[in-house]
Amino acid sequence: MKLETDTLRLSATDLANHLACRHLTGLDRGVAEGRWKPPDWFRPEAALLRERGLEHERAYLAHLERQGRRITPVDEEIEGRRALELTVAAMYAGAEVIAQATLAVGRWLGRADILLRVERASGLGAWSYEALDTKLARETKAGALLQLCLYSELLGEIQGVVPERMHVVPRRPDFPLDTYRVEDYLAYYRLGRRRPEGAVEAAEGDGDAT
């Protein structure tokens, strides 16, 4: 959760956190608004898991390059509007694979591990994009699907057509794709999305009234 020009922006993590614990949304809002600091304790294994996740992502990108796919990376150090501009520019240019793509529409934002170009017409041209995330887990979890649904919806707003599919690459030999139909999960995702939106909007309304 981030506060940008008086608007609280929500991410896929905020969606998953709210569904796990509604109280956490209020805590994260307080941190975003600077009313308190987040805990300075982190699980000892968190850094190791993050590094392993990055290694898995880099290995999959190398796998795509060996297949002759050209990678267009968005610098991880760049955030916000500039990262979104670079991502959208790469999409309009028809990049084959976009790594660390920033997507944002309205209150919601996300950073997908990878966008894959598919030959399906959209507002971009004769192509469009589908979201893919690399995951350490060997089986896809519900939170990963919610995350990908958010990316897919944001992609739909940007390119003018909702992707048909979304993908997970678990840590398995030869990088097999677990592919899911976006339409199969959108109703559940949209129901879940309304809950953190409603909590944040109610809190903003309370703040305006005081």
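Ala101 stands opposite Ala112 in β5, and the two strands concerned, β4 and β5, run antiparallel and are joined by eight bridges, where strands are taken to pair if DSSP finds at least two bridges between them. The model is a predicted one, in which local features need pLDDT of at least 70 and side-chain atom pairs count only at pLDDT 80 or more, while totals for chains, interfaces and linings use all residues. Residues are numbered from 1 along each chain as its sequence is written, and side-chain values use heavy atoms, with hydrogens and water left out.

**Overall make-up**

- The protein has six helices and eight strands, these being DSSP runs numbered from the N terminus, with helices (H or I) of at least four residues and strands (E) of at least two.
- Along the sequence these elements follow the pattern β-β-α-α-α-β-α-β-β-β-α-β-β-α.
- Of the 210 residues in the protein, 42% are buried, where buried means under 20% relative accessible area, exposed means over 50%, and partly exposed lies in between (1.4 Å probe, protein chains only).
- Among contacts between residues at least 6 apart in sequence, 60% join residues at least 24 apart, a contact being heavy atoms within 4.5 Å.

**The sheet**

- Six strands form an open sheet with mixed pairing, and their order is β3-β4-β5-β6-β7-β8.
- The edges are held by β3 (71-73) and β8 (178-181), each of which has a single partner strand, so one side of each is left without a neighbour in the sheet.
- From one strand to the next the twist averages 40°, with angles running from 0 to 180 degrees between N-to-C directions and axes being lines fitted to C-alpha atoms, for helices over the stretch in contact.
- Strand β3 runs parallel to strand β4 (residues 97-105) and is joined to it by three bridges, with Ala99 in β4 as the bridge partner of Pro73.
- A hairpin is formed by β4 and β5 with two residues between them, and Gly106 in the turn has a positive phi of about 60°.
- Strand β5 pairs with β6 in the antiparallel sense over five bridges, and here the bridge partner of Leu115 is Ala131 in β6.
- Strand β6 (residues 128-135) pairs with β7 in the parallel sense over four bridges, and the bridge partner of Leu132 is His167 in β7.
- Eight of the eleven residues of β5 are buried, which leaves that strand mostly covered.
- In strand β7 (residues 165-170), five of the six residues are buried, so β7 is largely enclosed by the rest of the structure.

**Helices against the sheet**

- Helix α3 (residues 46-66) lies across β3, β4, β5 (108-118), β6 and β7, and runs at about 135° to β6.
- Helix α4 also packs on the sheet, where it touches β3, β4, β5 and β6, and its direction makes about 120° with that of β4.

**The α4 and α5 pair**

- The axes of helix α4 (residues 80-93) and helix α5 (residues 142-159) come within 12 Å and cross at roughly 65°.
- That angle makes α4 roughly perpendicular to α5, on a scale where angles under 35 degrees count as roughly parallel, over 145 as roughly antiparallel, 65 to 115 as roughly perpendicular and the rest as oblique.
- The contact brings Leu84, Val88, Met91 and Tyr92 in α4 against Leu155, Ile158 and Gln159 in α5.
- By class, this contact of α4 with α5 has six nonpolar, one polar and no charged residues, with Ala, Val, Leu, Ile, Met, Phe, Trp, Tyr, Cys and Pro counted as nonpolar, Asp, Glu, Lys and Arg as charged, and the others, Gly among them, as polar.
- Ala144, which is found in helix α5, is buried with a relative accessible area of 10%.
- Between Ala144 and Thr13 the separation is 131 residues in sequence and 9.8 Å in space, C-alpha to C-alpha.

**Backbone in the loop between β7 and β8**

- Most residues other than glycine have a negative phi.
- Asp174, which lies in the loop between β7 and β8, has a positive phi of about 70° although it is not a glycine, and at 68% relative accessibility Asp174 counts as exposed.
- Phe175 lies in the loop between β7 and β8 and has a positive phi of about 55° although it is not a glycine, but at 18% relative accessibility Phe175 counts as buried.
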